[in-house]
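Please read them alongside the coordinates.

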Amino acid sequence: MFQSVNHSKFASDLPRNCTFDENDWRILCNFWHPIAYAHEIQDEPEKARLLDVDLVVYRTSQGVSVARDICPHRGTRLSAGWVRDDNLVCPMHGLCFDHSGQCTKIPSMPHQNAKIPPKMRLYSVLSEERYGIVWACLSGEPNWTLPTWEMLDDPSIKLNFIPSGTWMAAASRHVENFNDLAHFPFVHGGTFGNETPAPLPLYKVHETDYGLTFDMPYLEGGNRFPDGVEADDREVVYTYELTFPFSTAIYIRPVDSDYVQIIADTVCPVSAHESKLFQIITDNTEEPNAEYLVKESSQINEEDKPLVEGQHPEDLPLDLTEEMHIPADRISMDYRRALVKKFGLGAPIAS
Ligand code: FES
Ligand SMILES: [Fe+2]
């Protein structure tokens, strides 16, 4: 009933009811993770959850700020409050907090000019806005870069945001699915997959400064590209760029035109077995058909979702002996190896 003296209230403290292995949680805290689309954070605070930690996301004239969804006064959820006069206002006693998390006003204080102690502040979380996405790093000390999606850095390129979906699956299971081509004929026959299964060539995965990359040719079923080429099916090359731990960009290039489509996918590990997807899709035409691109991608996601949600075990087995592998799994095997070797994920916590 009563909280012990060593209570946990800072963003980098292990949350109560944490669904992650403690070792994994402490490692994942050091990465940037997406928590919201920037355009969703408008005049009112929004809630988000990252690694089992409840967060409030709010916008002031200084941009978007993120903090634990706990008022430092009596622990009320700040996401139930509001933003007024460029401050986040707690719904319980009206304490106001600025973009940095500092308390600027205590309405019930008898002397309104009295100085408010600096420690009266939110449990703020390091955040950044990039590619129209709000990213957060719980530890405050990111040990890995945000994804760099060069094509999306071009200000003339229009970003189309695919509405976030929640998958009841580990973020890493989604990443592997997103990087897997062998499932196309079986799962995506209704969209771009070629329904006739064909062998995939052996391919090499290369390590980059940020993660892993590989190229793969593929014969898509149908012709979905607005590049004026008339064909029943389209030969393309997919270039995958994976940024550890949970972000991937795919560049899709039909071999007979200059058309390029990019899908950038990044996943918020809400909890160990719940993920929230943030995806941007666009192309190198001046006027990408947003409605079509978003609709098609949403349909592709719906084709994948039930299969990934049903995968067992729910936790990605990082010990390669725990699942059987086929040659097309090169990327998945290298991804699992890297998560263990580079970051120490999947290891028991040192005592
Ligand atoms: S609990 Fe937030 S102001 Fe009192
Ligand atoms: Fe898929």
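This is a predicted model: local features need pLDDT of at least 70, side-chain atom pairs count only at pLDDT 80 or more; totals for chains, interfaces and linings use all residues.

1. E2 and strand E3, which covers residues 53–60, are joined by five bridges and run in the antiparallel sense. Within this pairing, Arg49 is found opposite Asp54 of E3.

2. The E2–E3 pair belongs to an open sheet of six strands, whose order is E1-E10-E9-E4-E3-E2 and whose pairing is antiparallel. Strand E1 (33–37) and strand E2 (46–50) each have a single partner strand and stand at the edges, so one side of each is left without a neighbour in the sheet. On average, and with direction ignored, neighbouring strands of this sheet are turned by 35° against each other.

3. An open sheet of four strands is also present, in the order E5-E6-E7-E8 and again with antiparallel pairing. Its edge strands, each of which pairs on one side only, are strand E5 (82–84) and strand E8 (103–105). Between E5 and strand E6 (residues 87–89) there are three bridges in the antiparallel sense, and Val83 has Leu88 in E6 as its bridge partner.

4. The domain assignment divides the chain into domain 1 (22–137) and domain 2 (150–341), and the C-alpha centres of domain 1 and domain 2 are 33 Å apart. Contact between them involves 13 residues of domain 1 and 13 residues of domain 2. On the side of domain 1 that touches domain 2, the elements that give two or more residues are E1 and E2, with E1 giving the most, namely four residues. The residues on that side of domain 1 comprise nine nonpolar, two polar and two charged.

5. The largest nonpolar core has 75 residues, and the members that touch the most others are Ile35, Leu50, Leu55, Val57, Val134 and Ala136. Strand E17 (residues 261–271) contributes the most to this core, with six residues. Why does this core lie between domain 1 and domain 2? Domain 1 (22–137) and domain 2 (150–341) both give residues to the core, and it therefore lies between them.

6. If residues up to four places away in sequence are not counted, Val57 touches Ile35, Ala36, Ile41, Pro45, Glu46, Ala48, Val64, Val66 and Val134. Among these contacts of Val57, Ile35 and Val134 are listed with Val57 itself as core residues that touch the most other members.

Definitions and conventions
Residues are numbered from 1 along each chain as its sequence is written. Chains are lettered from A and ligands numbered from 1 in the order in which they are written. Two strands pair if DSSP finds at least two bridges between them. Axes are lines fitted to C-alpha atoms, for helices over the stretch in contact, and angles run from 0 to 180 degrees between N-to-C directions. A nonpolar core is a set of buried Ala, Val, Leu, Ile, Met, Phe, Trp, Tyr and Cys residues joined through C-beta atoms within 7 Å. A residue is buried if 20 or more other C-beta atoms lie within 10 Å of its own, exposed if 12 or fewer, and partly exposed in between; C-beta atoms are placed from the backbone. Domain bounds come from an automatic or database domain assignment. Two residues are in contact if their C-beta atoms, placed from the backbone, lie within 7 Å. Ala, Val, Leu, Ile, Met, Phe, Trp, Tyr, Cys and Pro count as nonpolar, Asp, Glu, Lys and Arg as charged, and the others, Gly among them, as polar.
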